[in-house]
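Here is a short walk through one protein chain. Keep the sequence and the structure in view as you read.

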Amino acid sequence: MIREDADGVTIESVVIGGDDDPRFAARYRIGCDARWHVRRAEIAVAGDTRIVRLESDGAGSWTDARTPLPGFGTALDIDITV
């Protein structure tokens, strides 16, 4: 699902994968500003209570909602692979 309004864009989807056991499903939500710069992302594996939450200033600085993540370099978006 893609939802766009004056504040930006929200993308929500599910990824189902695995050629062999264990198969898995993960859901994600990506929030972008009005210029489509990723500002936040949430990723969770189905059946697991943990959620990865990332936030960006839109210019390449990332945090896990509290701690800076310098290992992300100056990435402007995220790539979710299975």
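This is a predicted model: local features need pLDDT of at least 70, side-chain atom pairs count only at pLDDT 80 or more; totals for chains, interfaces and linings use all residues.

**Strand by strand**

Residues are numbered from 1 along each chain as its sequence is written, and side-chain values use heavy atoms, with hydrogens and water left out.

Now step back to the whole chain. The protein chain has 0 helices and 6 strands. Both terms are DSSP runs numbered from the N terminus: helices are H or I runs of at least four residues, and strands are E runs of at least two. Along the sequence the pattern is β-β-β-β-β-β. The C-alpha trace spans about 40 × 30 × 20 Å along its principal axes.

How are the strands arranged? The 6 strands form an open sheet, in the order β1-β2-β3-β4-β5-β6, with antiparallel pairing. β1 (2-5) and β6 (62-63) stand at the edges with a single partner strand each, so one side of each has no neighbour in the sheet. Two strands count as paired if DSSP finds at least two bridges between them. In general, strands of a sheet pair through backbone hydrogen bonds, either parallel or antiparallel.

Take the pairs in turn. Strand β2 (residues 8-17) runs antiparallel to strand β3 (residues 24-32), and 9 bridges pair them. Val9 stands opposite Cys32 in β3. Next, β3 and β4 are antiparallel and joined by 7 bridges. Here Arg27 faces Ala44 in β4 as the residue opposite.

Strand β4 (residues 38-45) and strand β5 (residues 52-56) are also antiparallel, with 4 bridges between them. Glu42 stands opposite Arg53 in β5. Then come β5 and β6, antiparallel again and joined by 2 bridges. In this pair Glu55 is opposite Thr63 in β6.

**The turns**

Look next at what links the strands. The hairpin of β3 and β4 has 5 residues between the strands, and Trp36 takes a positive phi near 65° there. Trp36 is not a glycine. Most residues other than glycine have a negative phi. The cut-offs are under 20% relative accessible area for buried, over 50% for exposed and partly exposed in between, with a 1.4 Å probe and protein chains only.

Asp33 lies in the loop between β3 and β4. Asp33 is buried, with a relative accessible area of 12%. What does Asp33 touch, leaving aside neighbours within four places in sequence? Its contacts are Asp7, Gly8, Val9 and Arg39. Contact means heavy atoms within 4.5 Å. A polar atom of the Asp33 side chain also lies 2.9 Å from the backbone nitrogen of Arg35.

The hairpin of β4 and β5 has 6 residues between the strands. Gly47 takes a positive phi near 85° in that hairpin. In the hairpin of β5 and β6, 5 residues separate the strands, and Gly58 in the turn has a positive phi of about 85°.

The backbone nitrogen of Gly58 is 2.9 Å from a polar atom of the Ser56 side chain. Ser56 itself lies in strand β5. Ser56 is buried, at a relative accessible area of 8%. Not counting residues up to four places away in sequence, Ser56 touches Val38, Arg39, Ser61 and Trp62.

**The chain as a whole**

Finish with the totals. The protein chain has 82 residues, and buried residues make up 24% of them. Among contacts between residues at least 6 apart in sequence, 18% join residues at least 24 apart.

The accessible surface comes to about 6,000 Å², and 51% of this belongs to carbon and sulfur atoms. Accessible areas come from the Shrake-Rupley method with a 1.4 Å probe; for residues, only the protein chains shown count as cover.

What about charge? The chain has 10 positive and 15 negative charges, whose mean positions are 5 Å apart. Lys and Arg count as positive, Asp and Glu as negative, while His and the chain ends are not counted. Each charge is placed at NZ of Lys, CZ of Arg, CG of Asp or CD of Glu.

Key. A polar contact is a pair of N or O atoms within 3.5 Å; within protein, one must be able to donate a hydrogen and the other to accept it, and residues adjacent in sequence count only if both atoms are side-chain atoms.
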